[in-house]
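Let's take a walk through this protein together. Keep the sequence and the 3D view side by side as you read.

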Amino acid sequence: MMNVNLYRFNTELKIVELGSCDTRKLNEILQESIVNSNQIYESGEEAIVKTSFGLSKTAEDFIEIHCQRNSEISVYSDRLVFDSVFKKIFSTKIHFNIKTNTENIRNLIHQYINSNREFFESEYNQFLCR
């Protein structure tokens with residue numbers, strides 16, 4: 001497993017760094033977030049704290065995973081790879097909003113962790129949006 005860091009959010013929706021993450025810890029956090037997504041929360045902030053987390057390789061290279069009801073999971077990430085400087089400056093598709101489910105999320109996370117960024121973005125290119 002490539003070195004990735006885990007983070008969560010606090011009730012002010014600020015990032016709380018949890019340090020380096022191994023497979024066991026990642027699976028625990030994912031499972032906990034999936035289970036928590038079936039609860040009802042008093043606020044959106046409380047729901048995000050309980051059902052969301054992020055993985056990062058660098059300050060710019062990250063994915064945020066948001067577990068929602070009915071086994072729906074959203075993965076958010078900024079676009080980092082562009083074919084040219086021109087495309088980077090004038091691109092209207094600046095982030096990924098990937099919709100997946102509990103069956104496919106582990107594969108997506110595995111690809112993120114074990115692939116370079118260019119490969120990851122090419123695999124999920126259809127989810128680019130503004």
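Asn3 sits in the segment before β1. Asn3 is exposed, at 55% relative accessible area; here buried means under 20% relative accessible area, exposed means over 50%, and partly exposed is in between, with a 1.4 Å probe and protein chains only. Leaving out residues up to four places away in sequence, Asn3 touches Ser20 and Lys57, where contact means heavy atoms within 4.5 Å. From Asn3 to Ser20 the C-alpha to C-alpha separation is 6.8 Å, although the two are 17 residues apart in sequence.

Asp22 belongs to the loop between β2 (15-20) and α1, and with a relative accessible area of 40% it is partly exposed.

## About the model

Please bear in mind that this is a predicted model, in which local features need pLDDT of at least 70 and side-chain atom pairs count only at pLDDT 80 or more, while totals for chains, interfaces and linings use all residues. Residues are numbered from 1 along each chain as its sequence is written, and side-chain values use heavy atoms, with hydrogens and water left out.

## The overall layout

The chain has five helices and seven strands. Starting at the N terminus, the order of elements is β-β-α-α-β-β-β-α-β-α-α-β. Helices (H or I, at least four residues) and strands (E, at least two) are DSSP runs, numbered from the N terminus.

Of the 130 residues in the chain, 38% count as buried. Among contacts with a separation of 6 or more, 55% are between residues 24 or more positions apart.

## A loop residue with positive phi

Leu13 is in the loop between β1 (5-9) and β2. Its phi is near 65°, a positive value in a residue other than glycine. Leu13 counts as partly exposed, at 39% relative accessibility.

## How α1 meets α4

Two packed helices are described by the angle between their axes and the distance between the axes. For helix α1 (residues 23-36) and helix α4 (residues 105-114), the angle is about 140° and the axes are 12 Å apart. Axes are lines fitted to C-alpha atoms, for helices over the stretch in contact, and angles run from 0 to 180 degrees between N-to-C directions. The α1 and α4 helices are therefore oblique to each other: angles under 35 degrees count as roughly parallel, over 145 as roughly antiparallel, 65 to 115 as roughly perpendicular, and the rest as oblique.

Which residues make the contact? On the α1 side they are Leu26, Asn27, Leu30 and Gln31, and on the α4 side Ile105, Arg106, Ile109 and Ile113. By class, this contact of α1 with α4 has five nonpolar, two polar and one charged residues. In this scheme Ala, Val, Leu, Ile, Met, Phe, Trp, Tyr, Cys and Pro are nonpolar, Asp, Glu, Lys and Arg are charged, and the others, Gly among them, are polar.

## The nonpolar core

A nonpolar core is a set of buried Ala, Val, Leu, Ile, Met, Phe, Trp, Tyr and Cys residues joined through side-chain atoms within 4.5 Å. The largest one holds 24 residues, and Leu55 and Ile65 touch the most other members. At least two residues of this core come from each of α1, β3 (52-56), β4 (62-67), β5 (72-78), β6 (95-101) and α4. With five residues, α4 gives the largest share.

In α4, the buried residues are Ile105, Leu108, Ile109, Gln111, Tyr112 and Ile113. Their cover includes α1, β3, β4, β5, β6 and α5 (117-123). Setting aside neighbours within four places in sequence, the contacts of Ile65 include Ile105 and Ile109, along with Leu55 and Ile73.

Ile63, in strand β4, is buried with a relative accessible area of 0%. Its C-alpha atom is 6.4 Å from that of Val75, twelve residues apart in sequence. Beyond residues up to four places away in sequence, Ile63 touches residues including Tyr7, Leu108, Tyr112 and Phe120.

Phe96, in strand β6, is also buried, with a relative accessible area of 0%. The C-alpha atoms of Phe96 and Phe127 are 5.4 Å apart, for a pair 31 residues apart along the chain. Outside four places in sequence, the contacts of Phe96 include Val75, Arg117, Tyr124 and Phe127.
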